[in-house]
Amino acid sequence: MTLSANNQQTFDEALAASTEQINSFYKADNPKTHYILFLEYLHLSKMIADLKEMDYNDEEMQEITEYVFERMPHKEILANVMTPEYFPDATEMMRYMMMSPEDQEQEKQKLLNESGSWNV
């Protein structure tokens with residue numbers, strides 16, 4: 001997948017900020033922080049789709065999600081989060097995927113508060 005130079009720079013800056021944020025609260029033994037990792041992954045994937053002016057249902061979305069996944073920190077945990085172990089009936093996963101950016105931020109804050117990690 002290729003992005004224009006401006007879009008690539010925007011994504012790289014967002015990924016760096018997201019990675020810094022994730023690393024500030026992430027705990028391997030705290031599943032609440034794993035859900036936040038998933039929310040960040042969704043946020044970055046949607047950001048690229050928006051930069052490319054795509055519909056989230058577009059076939060190219062698969063390519064975008066793979067592109068983002070390969071650049072995310074803690075990929076092994078992220079891969080596990082996308083399984084029935086974390087989302088047994090997929091309803092909650094779909095809820096996360098359909099959230100607006102504002103709702104995602106609220107959910108991240110809620111999870112951070114519940115995790116005992118510091119607030120963003």
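Predicted model: local features only at pLDDT ≥ 70, side-chain atom pairs only at ≥ 80, totals over all residues.
Which residues of α1 are buried? They are N7, F11, A14, L15, S18, Q21, I22 and F25, where buried means under 20% relative accessible area with a 1.4 Å probe on protein chains only, and exposed means over 50%. They sit on the same side of α1 because they cover an arc of only 130 degrees around the axis, taken from the directions from the helix axis to the C-beta atoms. An α-helix has 3.6 residues a turn, so residues three or four places apart point the same way.

Residues are numbered from 1 along each chain, and side-chain values use heavy atoms, leaving out hydrogens and water.

So what covers that buried side of α1? The cover includes α2 (31–51), α3 (60–71) and α6 (101–115).

Now look at α2 and α3. Their axes, lines fitted to C-alpha atoms over the stretch in contact, come within 9 Å and cross at roughly 130 degrees, on a 0 to 180 degree scale between N-to-C directions. Contact here means heavy atoms within 4.5 Å. Y41, L44, S45, K46, I48 and A49 in α2 meet M61, I64, T65, Y67, V68 and F69 in α3.

A49 in α2 is buried, with a relative accessible area of 0%. Leaving aside neighbours within four places in sequence, A49 is in contact with M54, Y56, M61 and I64.

Technical notes. Helix = DSSP H or I, 4+ residues; strand = E, 2+ residues; numbered from the N terminus.
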